[in-house]
Amino acid sequence: MSYCRQEGKDRIIFATKEDHETPSSAELVADDPDDPYEEQGLILPNGDINWNCPCLGGMASGPCGEQFKSAFSCFHYSTEEIKGSDCVDQFRAMQECMQKYPDLYPQEDENEEKEKSSKDLEATPLEASAAKEEKGSS
């Protein structure tokens, strides 16, 4: 015997094996482009940008949301030969804004990259001198 129960906002439906033996009589409704719960993706059917898309990771909101929207819109609608080459000012404004909020928009630390590359470079001469010493001692 199947039954339903409500727990808070959730509706729990228990179905029996017999319930699943008969074919469903449900009718599928065509996709509604105006359905706010429908996954639309980044670009809406009309070609506009879906600022609510989870793929944007919340970048369209927050203290630099307007700068992000400006830069992303410019890039999306750019018709230049090198797409987005006409959007440098918007991306610069977005980057400057993000630098004001390092806790919200962490950036790669250039010092870490320099230290890593200098350690790699330091290892090379040491290895070379060790190889020379081995040749000289044999």
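Here are some questions and answers on aromatic rings in this predicted model.

Colleague: How many aromatic pairs are there?
Modeller: Rings pair if their centres lie within 6.5 Å. By this rule, the count of aromatic pairs is three.

Colleague: Is the pair of W51 and F68 stacked or edge-to-face?
Modeller: Planes over 60 degrees apart count as edge-to-face. The planes of W51 and F68 stand at 75°, and the ring centres are 6.3 Å apart. The pair is therefore edge-to-face.

Colleague: How many residues apart are W51 and F68?
Modeller: W51 is in the loop between α1 and α2. F68 is in helix α2. The pair links distant parts of the chain, and the separation is 17 residues.

Colleague: Is F68 buried or exposed?
Modeller: Buried means under 20% relative accessible area. F68 has 9% relative accessibility, so F68 counts as buried.

Colleague: And W51, with a relative accessible area of 26%: buried or partly exposed?
Modeller: The cut-off for buried is under 20%, and exposed means over 50%. W51 has 26%, so W51 is partly exposed.

Colleague: Which aromatic cluster does W51 belong to?
Modeller: W51 also pairs edge-to-face with F72, at 6.0 Å centre to centre and 70° between the planes. F72 lies in helix α2, so this pair ties together parts 21 residues apart in sequence. The one cluster is formed by W51, F68 and F72.

Colleague: Which residue has its charged end over the ring of F75?
Modeller: A charge over a ring must be within 6 Å of the ring centre. Here the distance is 5.5 Å, and the residue is K83.

Definitions and conventions:
Residues are numbered from 1 along each chain as its sequence is written. This is a predicted model: local features need pLDDT of at least 70, side-chain atom pairs count only at pLDDT 80 or more; totals for chains, interfaces and linings use all residues. Side-chain values use heavy atoms; hydrogens and water are left out. Rings of Phe, Tyr and Trp (its six-membered ring) pair if their centres lie within 6.5 Å; planes under 30 degrees apart count as stacked, over 60 as edge-to-face and the rest as tilted. Helices (H or I, at least four residues) and strands (E, at least two) are DSSP runs, numbered from the N terminus. Buried means under 20% relative accessible area, exposed over 50%, partly exposed in between (1.4 Å probe, protein chains only). A charge sits over a ring if NZ of Lys or CZ of Arg is within 6 Å of the ring centre and within 35 degrees of the ring normal.
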